[in-house]
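Hi,

Here is the structure I promised to hand over. Have a look at it first, and then read on for what turned up.

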Amino acid sequence: MQISYYLSVPCTCFEQPIVFGFSLTSLYSDRPGIDDVGHGLTLMFWNKYAVGYANHDGADGYFISVDLLKGIEDVNSKRSSYSSKIQKVLGLN
């Protein structure tokens with residue numbers, strides 16, 4: 001479980017802007033011998049990828065997250081765009 005507050009900061013240091021943000025994160029873990037809730041920091045990139053750190057009562061935890069839904073959304077929007085273009089060319093709409 002991740003509870004985050006995001007503040008995105010655009011950076012145009014390169015040709016393409018690198019959109020990144022950070023959040024203070026609280027994570028729940030059911031590992032024995034440590035606190036259930038740990039607190040830490042998450043770094044987000046392009047609103048798709050995240051790397052983070054959380055401390056659970058002296059035990060360090062690291063995590064990586066990828067938003068797979070963003071990839072599916074992009075594919076569906078491209079498919080819809082191509083489909084409408086093909087229908088327009090064929091005069092089907």
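**Strands and hairpins**

D57 takes a positive phi near 55 degrees in the hairpin of β5 and β6, which has two residues between the strands. A few words on the source: this is a predicted model, in which local features need pLDDT of at least 70 and side-chain atom pairs count only at pLDDT 80 or more, while totals for chains, interfaces and linings use all residues. Residues are numbered from 1 along each chain as its sequence is written, and side-chain values use heavy atoms, with hydrogens and water left out.

Strands here are DSSP runs of E with at least two residues, numbered from the N terminus. Two of them pair if DSSP finds at least two bridges between them. β5 (residues 49-56) and β6 (residues 59-66) run antiparallel and are joined by eight bridges, with A50 opposite S65 in β6. β4 (residues 37-45) also pairs with β5 in the antiparallel sense, over seven bridges; there, L41 has Y53 as its bridge partner. The β4 and β5 hairpin has three residues between the strands, and W46 has a positive phi near 55 degrees.

Finally, have a look at S23, which lies in strand β3 (residues 18-28). S23 is buried, as its relative accessible area is 0%. Its side chain makes a polar contact with the side chain of T25 at 3.3 Å (a pair of N or O atoms within 3.5 Å, one able to donate a hydrogen and the other to accept it; residues adjacent in sequence count only if both atoms are side-chain atoms).

Best wishes

Conventions:
Helix = DSSP H or I, 4+ residues; strand = E, 2+ residues; numbered from the N terminus. Buried < 20%, exposed > 50% of the residue type's maximum accessible area, 1.4 Å probe, protein only.
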